[in-house]
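Here is a short briefing on one structure. Please keep the sequence and the 3D view at hand while reading.

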Amino acid sequence: MKKLRSMVIRLGLETMASTGVYRLLQPLTGGVGFILMLHHVRPASAAAFQPNRHLEITPDFLATTLQNLRAHDIDIVSLDEARHRLATRQFARRFAVFTFDDGYRDNRDYALPIMRRFEAPMTVYVASDFAAGTGRLWWVALERCLARSEAVTVPIDGIETRIETATAAEKQAAFARLHDHFRSLPTDHDINAAIGALARRCGIDDATISRELCLSWDELKAFAADPLVTIGAHTISHCNLAHETAEQARHEIVASRERIADALECPVRHFAYPYGDKAAAGRREFDIATTLGFDTAVTTRPGMLFPGHVDHLTALPRLSLNGNFQTGRALSVLMSGAATALWNGFRRIDAQ
Ligand SMILES: [Zn+2]
């Protein structure tokens, strides 16, 4: 095992993909199933500057993914069924769950028709402010600001900092720098204030983006009535829960669940942590979700499902269907678990 592990790390992912070594690893790394994470599903844009492209796949690639799963005899199941299989140790067949974060309208317009074609269930995690049209999708606002600017001036650590954004390469570098900068601000209030100020200077109205991109409550009600669709919660404001006090974090989770349940008249038993990485969701947040009685809660920590996850149902890992890697080969490597095993140093469960 140790030898194999060091060999794999030495080879690296690219070699693993081109040599097919990942196939040999699957019995070791593939787990009993996996939860896929998607955001937007929509036709590709021709724009040169698409820093959020990793968050979107095309309808064609969604269909390819579903076909690929069927061809590999992997069951496509709901979160409830995945939880049931973990609880009752039904692992005769591998399974996959489709989850979509944030509640984008393209999930209804482009993803649902394809999911229907394959009779495949899907869970959509709704941030209640996005559904209300009052939420802030600051990463989209940032993209739009940089797309139309030759340069921007942003206060960083108290210093007005000018960043060139004339060329596509400069825009890309500026996005990477500012995205990290904004995510490092102490509270979500600070992020929204800073983005709001930048948007005003660029002539972007960041307040309307959630209405433009996300399903409204009325639209969600019809969408949620589809038997293939499960709606989960994703906080009120799409905040980084780890930056909040325990009381505020609890409120963000509980109140988003109540708002969705009231608006859609259905119980909400599943949750996704916004951002969902270690900087946004850890032991404290997992315990809150458990105490609040959620059946499952998902992170964005990369990983496969293993039998032991039955004891960590509010700290589940996912596999991102990344828009920068929309190929059959990327899918095969992803679904073998080899990539996430590398990432996790071959540790199967990371719920701390
Ligand atoms: Zn999200």
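How do the residues lining the largest cavity divide into nonpolar, polar and charged? They divide into 5 nonpolar, 3 polar and 4 charged. The model is predicted. The points below cover the metal site, the backbone, the cavities, the pockets and the annotated domain.

**Zinc site**
- Three residues coordinate the zinc ion: Asp102 through OD, His234 through NE2 and His238 through NE2. The distances run from 2.1 to 2.2 Å.
- Along the chain, the donors are spaced as D-x131-H-x3-H. Asp102 and His238 link distant parts of the chain, 136 residues apart.
- Asp102 sits in strand β5, residues 95-102. His238 lies in the loop between β9 (229-233) and α12.
- Asp102 is buried, with a relative accessible area of 3%. His238 is also buried, at 6%. Both count as buried because the cut-off is under 20% relative accessible area.

**Backbone with positive phi**
- Asp102, a zinc donor, has a positive phi of about 90 degrees, although it is not a glycine.
- Glu265 is not a glycine either, and its phi is positive at about 50 degrees. Glu265 belongs to the loop between α12 (246-264) and β10 (270-272).
- Is Glu265 buried or exposed? Glu265 is exposed, with a relative accessible area of 61%.

**Helix α14**
- Helix α14 spans residues 328-336. Its buried residues are Leu331, Ser332, Val333, Leu334, Met335 and Ser336.
- Helix α14 also gives the most to the lining of the largest pocket, with 5 residues.

**Cavities**
- The structure holds 2 cavities of 30 Å³ or more.
- The largest cavity has a volume of about 80 Å³. Its lining includes Arg301, His309, Asn344, Arg347, Arg348 and Asp350. Pro302, Met304, Ala315, Pro317 and Ile349 are also among the lining residues.
- The second largest cavity holds about 40 Å³ of space. Its lining divides into 7 nonpolar, 1 polar and 1 charged.
- Other residues lining the second largest cavity include Ile35, Thr296, Leu305, Leu313 and Leu316.

**Pockets**
- The largest pocket has a volume of about 1400 Å³. Of its 49 lining residues, Met37, His54, Thr300, Ser320 and Asn322 lie nearest the centre.
- The lining of the largest pocket has 23 nonpolar, 14 polar and 12 charged residues.
- Which domains contribute to the lining of the largest pocket? At least three residues come from each of domain 1 (33-133 + 214-334) and domain 2 (138-208).
- The second largest pocket holds about 250 Å³ of space. It is lined by 16 residues, and Arg42, Asn52, Glu56, Val140 and Glu143 are the closest to its centre.
- Helix α7 (residues 138-148) gives the most to the lining of the second largest pocket, with 4 residues. By class, that lining has 7 nonpolar, 4 polar and 5 charged residues.
- The second largest pocket likewise draws at least three lining residues from each of domain 1 and domain 2.

**Annotated domain**
- An unreviewed UniProt entry places the feature "domain: NodB homology" at residues 94-352.
- The end C-alpha atoms of residues 94-352 are 25 Å apart. The span is 45% helix and 17% strand.

Key. Residues numbered from 1 in each chain as written. Predicted model: local features only at pLDDT ≥ 70, side-chain atom pairs only at ≥ 80, totals over all residues. Heavy atoms only, no water. Buried < 20%, exposed > 50% of the residue type's maximum accessible area, 1.4 Å probe, protein only. Helix = DSSP H or I, 4+ residues; strand = E, 2+ residues; numbered from the N terminus. UniProt positions renumbered as here; feature names shortened; annotations may be inferred. 1 Å grid on protein atoms, 1.4 Å probe; cavity = no way out; pocket = protein on both sides within 12 Å on 5 of 7 lines; lining within 4 Å. Points joined across faces, edges and corners; volume = space filled by probe spheres on them. Nonpolar A, V, L, I, M, F, W, Y, C, P; charged D, E, K, R; others polar. Donors = N, O, S within 2.8 Å, 3.2 Å for Na, K, Ca; no water. Domains from an automatic or database assignment.
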